[in-house]
Amino acid sequence: MDTCREGGAAETSISNFTSSCNLLDLDQEIKCKALAAFRKSNAGGGLAKKRDVQEFLCCAIYCELQRVKIQDMLDAKHRPDETKNVAEKARTSCWNLSLTKLLTAFKVNICRFMRRMKQWNMMAKNEMVFQQEIDDLQRRLSITLIIRNYYQRAFDRLFVLPEEDTENTESRSLYQSLYEFGWVLFLTIRNELPGFATSNLVNGCQVLICTLNLLYVNALEVGNPEVINMSFEGLPSTWGNDDFDDTLLLKYSALKAICSLIPELPMKGVHVMQKAFFHKALVVLFLDQSLLGNDTFKREIVKEGLLDVNLGTLNRNYTKHVSDISEIDERVLLSRKEAAPAINQPKTPSRYKHLHKLPNAMPSEITEALDAEDVDVISSLDKRLCVMARVFAKSSRDFLSTEEADACFMMSCRLYYHFLQKITSSELKLKPHLKMVQLLKNRSLHSTLIACSLELAMHIQEVRVEELKFPFILKCYALDAYEFQKILEVVVRHDTGLLGRDLTRHLNAVEIECLGSLIFRNDSLLWKVLSTQRCLPTCNEVQANGKENAARSRAEPRPGLSICLRKFYSLANLRLLNLCQSLALMKYFNKIWYIAEYSFIQHCGYLLKQRELDQLLICAIHLHGRVTRKPLSFHQILQHYRCQPHARSQVYRLVSLGNFRSGNIIEFYNKIYIKRMLKFAQDLRKATVTVPRSVLHEKPPQSNQISLNISVSAKNLRYPSGTSIKILKTKPDSVVEETLVEPDQLIITPLKRTNSAKELGPLPYPNIFKRQCIQSAI
């Protein structure tokens, strides 16, 4: 096949495209049509990145295979006499290829493929049926992912994995086989049922419970106590005793106990599913010998010798079922030994080759500094690492293979050893009275440092799975964002050039996410710390405190709250500055800042709780416009906010309204924000604000030059530290007060901006709260 004449990434990618197609043994016509469609859509040369080209070529192949399938189906429909040959034709057709196999060949993740398909359908101007196919696939996969999570949790309650040693090899093998067999059996039976079982979450969970009951009772029949959870309430009371009568298991059912593992699932519906549908599907599997065993009582299907046979048969039958370009092989969602759907094996990029110098074990500087009676602390740390490794492997097993997870954690251990040595060495030099063992017994230090190292390791290994992006690491280890952000600065301060710009920038992005929203979650330890304060410190108070601490040693930890709040105010100042510049509001910046700051500190951070920094900044700009009678609608503000590099639609679409309710940002402003901020804003309108000339003429900091890991001084902020405010003792303007007291009028009353329309440019103003069907951004 002739490749294109385009140079660079496109030429390399199309060469890879040919190799991927050869792996799939695709028809020449399919390849040519797909390549032609790609070239037509990329006529302007906009797709230059190798990865982008490969992903869109995969989408092009998928669409061409779907076109052939649709045509075959139409031909069969219009020629009834050929209906008998449809099945045979399907087995020999080019679209007799699972979507999973296609994605694996092109090394594209299923989630990324779905996003790319939406963009490809728009670029190639495909018929609506293609997007409908993707939407249906996404819905089915989402349901299966939820059921998969239920399966894993229930399986862990029913069975236990024996310890890894030479005596338990057979038991561990049995556990793994039961785990795989249960999932494939569920997928097989679900496919035997009417369509509602795959398109409905409740029905799917009902099938799952019936499958687990069948698997559990058959596993009890095997009689291996090493894989059975003896504390599960569904276990027969005398099972495992020498006098237990195995014939009792022929009619035994643990359905009720297993159903209780999904509390929200009604038991009545499970009984109906079992009698009306599940049992009939099971009979069919025995009749066509997909399952071998006692077909009368549906037992002996996992007994020695039959488990491997039945698992092999089910796998072969399922492989035939998913040999269709519209099907995704859902077995890989559960795989513990193989990678999840088409996720690339991570390889350490060449720019990180210098990391091979990292220690492979606890540095001798640490072990030699311990007294003889303290050596047990090293064993404790090793055990902690082992536990955290198992937790990571379990939490990431849907997206990473065992080898990938091991590679990531091994790299994180080496980073952990490196930074632990740097930190402890620095501390001991500054505090000679301390002993190494005291530092090593700090549990919080180790947990957060290992988590931070693992976050770096996944970035180094280029793990680009959406579900594993930060804050996954916090959920994985149940870490608090307020505690976690402390270790980020410690790591950067003790870095001696190992991290480089890329990794430092990544930690900076992680820190910003913590400071911008995560530390304000309801369960954050920040609120516990603030509970000892009468109010949240202002920016000036925090800066003053920071100058006092600046004289301290570089390695000595500064008060956690003080440094956290200085970073937060620095981030708030930078984001408000950029937004005011975009909106041409710099001459009002100081008053807008005062509104924003007051919204942070009033009632000890009440408006920040369970919300995000950007939400209060947007509201501050809108409130200032209302008070000064130069209003900017939320629509206009958000038009500019969406151009910010950190903008996310959920910031203005999902704002906490309290009591587990959420709404858009206008609802938050009307129902909560304005009630807390009205009086302050009215007083500020009557205030005389004096701002130092140096502050007014200071250039705003560039976003790519800001590092929140560096101590923030007052000169970094646009905040007018020398500003004086005098509140005039006059009554607020009645018109402004009346308008602000009646929140509904804020939306209904037509607004006109006094500034020039040219500031907003020629862009149209779409309805930001209307759900978009297609994302145009690539």
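Modeller: First, a term: a residue is buried when its relative accessible area is under 20%, and exposed when that area is over 50%. Keep in mind that this is a predicted model.

Start with helix 5, which covers residues 99–106. Which of its residues are buried? They are L99, T100, L102, L103, A105 and F106. That makes six of the eight residues, so helix 5 is largely enclosed by the rest of the structure. Just after helix 5 comes K107. This residue takes a positive phi of about 55°.

Now set that helix in its surroundings. The protein has 778 residues, and 50% of them count as buried. It holds 32 helices and four strands. Look at the contacts between residues at least 6 apart in sequence: 76% of them join residues at least 24 apart. The accessible surface comes to about 38400 Å². Carbon and sulfur atoms account for 52% of that surface.

Next, the aromatic rings. The structure holds 28 aromatic pairs. One of them joins F568 and F600. Their ring centres are 5.0 Å apart, with 70° between the planes, and the pair is edge-to-face. F568 sits in helix 24 (residues 560–582), while F600 sits in helix 25 (residues 589–601). The two are 32 residues apart, and their pair links distant parts of the chain.

A second pair joins helix 24 and helix 25: Y569 lies in helix 24, W593 in helix 25, 24 residues apart. Y569 and W593 are also edge-to-face, at 6.3 Å centre to centre and 65° between the planes. Y569 is buried, with a relative accessible area of 1%. W593 is buried at 0%.

Elsewhere, aromatic residues gather in a cluster. Its members are Y151, F155, F159, Y175, Y179, W183, F186, Y216 and F232.

Finally, look at charges over rings. K298 lies over the face of F286, at 5.5 Å from the ring centre. R676 lies over the face of Y606, at 3.8 Å from the ring centre.

Terms used
Residues numbered from 1 in each chain as written. Predicted model: local features only at pLDDT ≥ 70, side-chain atom pairs only at ≥ 80, totals over all residues. Heavy atoms only, no water. Buried < 20%, exposed > 50% of the residue type's maximum accessible area, 1.4 Å probe, protein only. Contact = heavy atoms within 4.5 Å. Areas by Shrake-Rupley, 256 points an atom, 1.4 Å probe, with all protein chains shown as cover. Phe/Tyr/Trp six-rings, centres within 6.5 Å; stacked < 30°, edge-to-face > 60°. Lys NZ or Arg CZ within 6 Å of the ring centre and 35° of its normal.
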